[in-house]
Amino acid sequence: MTATPATTPEALKLDDPATLAEADPTDFLSAVEGLPAQLGEAVGLADAAEDLPDVTGLGSIAVLGMGGSGISGELCRAVLAPLAPVPVATLRDYDIPAWVGKDTLVFAVSYSGNTEETLTAFRQAAARGARIVAVTTGGALAQEAAASGYPVVAVPGGLMPRAALGYVAIPPLVVCNRLGLAPGIDTAIDEALEVAARRAAACHRSVPAASNLAKTLAGRLVGRLPLVWGSEGTAGAAAYRLKCQLNENAKVIANWAVFPELNHNEVVGLYHSETIPAPLGILVLRHVGENPRTARRIEVTTSLIADSVDFVEEIWTTAASPLARLLDFVVAGDHLSTYLGIARGADPAPIVVIDLLKAALGS
Ligand code: PA5
């Protein structure tokens with residue numbers, strides 16, 4: 001494990017504006033660079049939402065959404081778990097569980113507003129009398145929610161959903177705060193805005209690969225199968241987000257896991273390296289608030305599987321709050337995955353197969 005990854009030829013290519021322009025013709029990287037500003041804007045949009053539901057007797061919070069919108073549920077679950085007085089769950093399917101009912105606060109989140117699974121789950125929640133808030137740019141979700149009198153946090157369109165994380169993930173947090181369900185989140189949001197801006201500046205295209213962690217790690221991952229490990233808590237949600245961004249932005253398969261759970265399964269497959277299909281690059285997302293036993297597990301695990309992998313690199317955050325830690329990882333990972341697409345010569349923007357799937361399913 002090295003503290004400062006070596007700069008590769010693939011990473012150095014990322015310093016060349018012509019390479020960026022050629023592999024990223026729609027300038028998807030600009031949307032990635034815009035996330036910190038979007039986070040602040042999203043706070044204002046959620047603050048303006050009116051007619052929020054009453055939370056008397058609330059028993060649970062559920063966030064409905066798929067893919068780039070569903071990640072908002074992971075973020076809320078991870079960030080609200082230590083704060084909210086009721087359990088928080090992410091629901092990414094057509095059918096909602098039996099416990100969702102009148103005492104559930106449901107966030108129905110779909111950037112397009114037309115995602116089949118989210119709409120089906122939203123309609124089920126409405127039929128059960130759940131207290132619903134919609135977060136969307138429009139589509140059927142906006143229309144149906146407004147027609148039923150549910151508040152709608154209307155967010156700006158024109159982005160790929162995965163580049164709209166601020167718009168889809170911040171409103172549920174702000175609404176929970178306004179409803180008294182997220183004590184202390186104000187301070188965490190302020191810290192997150194600062195930390196995200198700082199990370200985005202450090203990962204910016206203008207920062208050379210030699211001092212740009214996102215570019216150097218992207219360069220190292222070319223030709224390798226990425227595994228992303230979260231140390232624990234919000235780092236687990238960030239690991240899942242990075243795995244999804246590697247899929248969609250870099251167009252590669254990737255896996256993710258979280259400590260301490262991965263010590264009870266994934267590590268066995270890694271240790272028996274004869275079945276590993278490609279050189280592996282492991283990224284470990286780490287933070288200063290780790291349980292010391294988790295920190296020890298990371299040390300022991302990386303030493304036990306050292307012969308099975310090409311490299312293990314750590315991405316650290318020193319942020320104090322779980323939200324700021326998560327967004328610090330998200331900004332680093334969004335840049336890294338976009339740079340990996342560019343370094344591989346794969347346009348980071350299109351998601352052709354998702355479009356084909358939706359067209360084939362008429363959804
Ligand atoms: O990245 C994507 O485009 C997808 O993962 C979408 O977010 C997903 O298909 C759900 O669509 P929406 O975010 O519009 O609800």
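Q: Which residue meets E33 in a salt bridge?
A: R205, with 2.9 Å from N to O. A salt bridge here is a side-chain nitrogen of Lys or Arg within 4 Å of a carboxyl oxygen of Asp or Glu.

Q: What kind of model is this?
A: Predicted: local features need pLDDT of at least 70, side-chain atom pairs count only at pLDDT 80 or more, and totals for chains, interfaces and linings use all residues. Residues are numbered from 1 along each chain as its sequence is written, and side-chain values use heavy atoms, with hydrogens and water left out.

Q: Where do E33 and R205 sit?
A: E33 is in helix α3 (residues 28–33), and R205 is in the loop between α9 (185–203) and α10. They are 172 residues apart. Helices (H or I, at least four residues) and strands (E, at least two) are DSSP runs, numbered from the N terminus.

Q: How many salt bridges in the whole structure?
A: The search finds 14. One of them joins K215 and D15, at 2.8 Å from N to O. K215 lies in helix α10 (residues 213–221) and D15 in the loop between α1 (9–13) and α2 (17–23), so the pair ties together parts 200 residues apart in sequence.

Q: Is K215 buried or exposed?
A: Buried, at 0% relative accessible area. D15 is partly exposed, at 31%. Buried means under 20%, exposed over 50%, partly exposed in between (1.4 Å probe, protein chains only).

Q: Switching topic. How many residues are in the largest nonpolar core?
A: 90. I61, L75, L105, F107, L323 and L327 have the most contacts inside it. A core is a set of buried Ala, Val, Leu, Ile, Met, Phe, Trp, Tyr and Cys residues joined through side-chain atoms within 4.5 Å.

Q: Which helix gives the most to this core?
A: Helix α14 (residues 322–343), with 13 residues.

Q: How many aromatic pairs?
A: The search finds 3. F122 and Y150 make an edge-to-face pair, 6.1 Å centre to centre with 80° between the planes. Rings of Phe, Tyr and Trp (its six-membered ring) pair if their centres lie within 6.5 Å; planes under 30 degrees apart count as stacked, over 60 as edge-to-face and the rest as tilted.

Q: Are those two buried or exposed?
A: F122 is buried at 2% relative accessible area. Y150 counts as buried too, at 18%.

Q: And L361, buried or exposed?
A: Exposed, at 56% relative accessible area. L361 is found in helix α15 (residues 352–361).
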